[in-house]
Protein chains: 2
Amino acid sequence: MVGDNGATRGGLDDGTHPTKDGKKATIRDVANWAKVSLGTVSNVLNDPDRVAAATRNRVLDAIEATGFIRNIAARQLRGGGSKAIGIVILDSSNPFFTEMIRGAEDALRPEGYLLIACSTDGNEERETNYLRHLEEHQVEGVLITPSDDNLGQIIEFHDRGTPVVLVDRESNSGELCSVTVDDVKGGSIAVTHLIEEGHRKIVFINGPSSIRQCRDRRAGVDVAIRTLKNNSNTDKIEIVDIGVPALSIAAGEDIANSLLDIDPSITAIMCANDLLAIGVMRGITRSGSDLLSRIALVGYDDITFSSLVSPPLTSVRQPQYDLGHAAAKLLLEELADATHRHREIRFTPDLVVRESSCKHSIQS
Amino acid sequence: MVGDNGATRGGLDDGTHPTKDGKKATIRDVANWAKVSLGTVSNVLNDPDRVAAATRNRVLDAIEATGFIRNIAARQLRGGGSKAIGIVILDSSNPFFTEMIRGAEDALRPEGYLLIACSTDGNEERETNYLRHLEEHQVEGVLITPSDDNLGQIIEFHDRGTPVVLVDRESNSGELCSVTVDDVKGGSIAVTHLIEEGHRKIVFINGPSSIRQCRDRRAGVDVAIRTLKNNSNTDKIEIVDIGVPALSIAAGEDIANSLLDIDPSITAIMCANDLLAIGVMRGITRSGSDLLSRIALVGYDDITFSSLVSPPLTSVRQPQYDLGHAAAKLLLEELADATHRHREIRFTPDLVVRESSCKHSIQS
DNA sequence: ATATGTTTTTGAAACGTTTCAATAAATGAA
DNA sequence: TTCATTTATTGAAACGTTTCAAAAACATAT
C-alpha cells in the first residue's frame, strides 16, 4: 500500500540509505527507510496512537536499523522543552548540598530530565553568569540556593520566563515557590537543649548576617531564651556572639585558637553549621587542648559525617535529601500546571543529641 | 548611511519593536532595532572584528535595549556546539566524587561549559539511560567513571561521535583518553607501611572484584609482599581476604561485628576505601569494643573527613580534585584538536599516616 | 457503484541562528 | 574623475524536528 504510494511518487532518488558519510541518522533517514513522511515518524515518536500498527512497526524497525537518536536542540527550537533543569548551589564540598542534589536528581530522573549542576561558592557574579548560561540553554526550570540575600536578579530571571524554586530560602512576597527549613525553630531547639543541660553562658559562632539562615538560627536562640524566661525562673542566660566570614571547616579552625583562652564561665558553644563546628573541633584537637572535654558543642545540619567525628557531634538535623526532592517536585508541579499557585514547603528540623553536648557535668 | 539603506528598501513594516507579546527577543528583533541584517548581528556576536565600529556599537546597544539572550538550541542546530559536558559518576554521596566534580567544574567554567551531572549508583542500566539522554542533548563530551568493567557501551557511545574521558579507569586498548591513579602502587604503599610497623597478619576488606580499583589495590598488596621478600628476610606475611558487596559506610558497619572475635594474631586491617574503613570504625565503636586500640586500620582515598574521624584515619591519598580537573582538561584538548592522540594521565598516590595505624606497639 | 464518515498520512512552514557567496560601500592611487 | 582594491554588509539557505490543515485512504451504508 505505502510501497505503491512511493512508486506512484516516482523520482524519490534520496534512496533508502540509513546514514551518509557516517553522519548521525536524522528523522529524514528514518522516513526514507520506512517509506513514510517526516510527519509520520514524528507521530510514531510523539503520538503513537495516531499511527496504524503496521506503519508504526515499520517505523520502529527503521529507527532501530538507522540507529536514530533524536536531536533535542531541534525539538527545542520548534517549541519543545529542553528536558534540562538547572540546580545552583553554594558549595559542592558541603555534604548538605550534595545530599540535596541527590534528592533533586531522584525526583527528576524518572521524568527524563537532566540536571545541570552549578556551584557559586557564594559568589554573586558567578551566580549571575550561571543564570545567564542556563537561560541561553532554555532550561525548563531552576532550583537555587541564592548566593545573596537580595533576590533581585533571581526574580528578574524568573520574570523572563524560567520557573524557579528557592531551596533553603523563602520568597519574600510569594512570587516564587520555595522549600525551607524553620531555622528559627532549629536555633531554638539547639539552645534549649544546652540550657536544659544547665549551660548559662553560651558562645554562638555565626557566619555573615547577609546569610538569612545565619540570622534565623541566631534569632531562634533569642526566641528560646524569651520563652524560657516566660515559663520558668531560669537563671540569667548569656549569649556571646562570635562572627566568622564563612561557614566552612577552615573558618572554624581559624577561630579555634581564640576559644582556647575563653572565659571559664562559658560552658557551651553553638555553631551556625556543622562544618564550622567540625572545624572548631579540629582546631582545638590539633592544639592539644582538652577544651572539648569540658565544653559542650552543638552544630547545625547533621551532615553524614557529624556522627563520625570525635566526639560525635550533637546537631540540628536538616532533611537535606527531602529539601532537594521536594523542591524538584514543586518545580515539576509548576511546569505541569500553568495555573500553578506559588507556595512554600517548610520542614521542621529536629535535634540529634550525641556525645559532644551531653557528657558534661555542670556545677551550678 | 544605513538608515538610508533602510529607507531605500521601503516596505520594511516589521517595525522596530524589541519584542512582541512578551516573547523573548530574537536576533531578528535586534537586527530590526539596529537596522542591520541578521548576518550582521551574528557577526557582532561571533566575529566582531568583521564589523565596523559604528555598526558594532549600534548592534550592541540594540542587544541591550531588546534584552536579547542567545538561543543555544538554534546555534546547536545550525552546527554550533552545545556548550555542555556530561559527567557520569558512581555515587554522589561519596566525597571522592564530589571533589572530582569540583575539579572538573573549575576547569570547564572558564571555557563557558555547563556541567550535566549524572549519578549511576553503579547501575549499568541507569548508565545506559543517562548516556542516551546525553547523546540526545549532543553534549560536547563526557567524563565518566564506568559502572561496569566492560567498557563496551561507552566505546560505542564514543564511536558514535561524542568524545569521552574515563575517570579513575584506564582504557584497555587506548581508544579513549583516561585519567587514573596507580592503585597497584597505592595498595603497595599502604601494606608496606603496615609491614614496616611490624604487622604480619593483615585483613584486607575488599569490594567486588568486578571493580577494577578493588582488584588493583589488592594486587598492589601482593606486589609489595613479593618485593619485600626479595629484598629482605622479612617474616612470613599473611593476608586474610574479606569481601563485601559495596564500598560504603554501611557495608563496613555490617562487617564490623565479624571482626570482633577475630584471630588475635591479626593486628591490622586494610580497607579498599575510606567509606569502608569509616564504617568498620563506626561498627566497632558502636559495639563498645576496644578493638580499635589494638588493631591498626588503613583506608584508601583520603576523603576530606578521614582526618576528622576517631581515631584519625591513615589513608592512601587520591588526588580527587586533580583527577576531575585533569580529565576536563584532557577533554577540552580533544575538543580543540581534531588530530588529538588519546592518552592516559596517571597520578601516583601517597600515604597519609595518622593515628589509626601507628599508635600500636607490636611485640614480635 | 456511490455517498458519507472516520482514520491515517502527508508535507509545507515554522522555530532562531549561522554561514558564505554576492553585493554594496569605502578607500586610495593615478 | 575614474578605476582598482579592500572592507563591510546582506540575505538565502541550511540545520532537525514538530505541527496541523489538507489530502488520501479506509470503512460502512445505501
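Trainee: What makes α3(B) and α4(B) neighbours in contact, and which residues meet?

Mentor: Contact here means heavy atoms within 4.5 Å. From α3(B), B:Thr40, B:Val41, B:Val44 and B:Leu45 meet B:Thr55, B:Arg56, B:Val59, B:Leu60 and B:Ile63 of α4(B). By class, that contact has six nonpolar, two polar and one charged residues. Ala, Val, Leu, Ile, Met, Phe, Trp, Tyr, Cys and Pro count as nonpolar, Asp, Glu, Lys and Arg as charged, and the others, Gly among them, as polar. Keep in mind that this is a predicted model, where local features need pLDDT of at least 70 and side-chain atom pairs count only at pLDDT 80 or more, while totals for chains, interfaces and linings use all residues. Residues are numbered from 1 along each chain as its sequence is written, chains are lettered from A and ligands numbered from 1 in the order in which they are written, and side-chain values use heavy atoms, with hydrogens and water left out.

Trainee: Why are α3(B) and α4(B) called roughly perpendicular?

Mentor: Helix α3 (residues 38-46) and helix α4 (residues 53-66) of chain B have axes that come within 10 Å and cross at roughly 90°. Helices are DSSP runs (H or I, at least four residues), numbered from the N terminus. Axes are lines fitted to C-alpha atoms, for helices over the stretch in contact, and angles run from 0 to 180 degrees between N-to-C directions. Under 35 degrees counts as roughly parallel, over 145 as roughly antiparallel, 65 to 115 as roughly perpendicular and the rest as oblique. The pair is therefore roughly perpendicular.

Trainee: And what makes α6(B) oblique to α13(B)?

Mentor: The axes of α6 (residues 95-108) and α13 (residues 320-336) of chain B come within 6 Å and cross at roughly 40°. That angle makes α6(B) oblique to α13(B).

Trainee: What does the rest of the interface of chain B with chain A bury?

Mentor: Take the whole interface: about 4600 Å² is buried between chain B and chain A, 57% of it on carbon and sulfur atoms. Buried area is the accessible area (1.4 Å probe) that two parts lose on being put together, summed over both. B:Leu114, B:Phe305 and B:Leu308 supply 15% of what chain B buries against chain A, more than any other three residues. In contact terms, 52 residues of chain B touch 52 of chain A.

Key
Helices (H or I, at least four residues) and strands (E, at least two) are DSSP runs, numbered from the N terminus.
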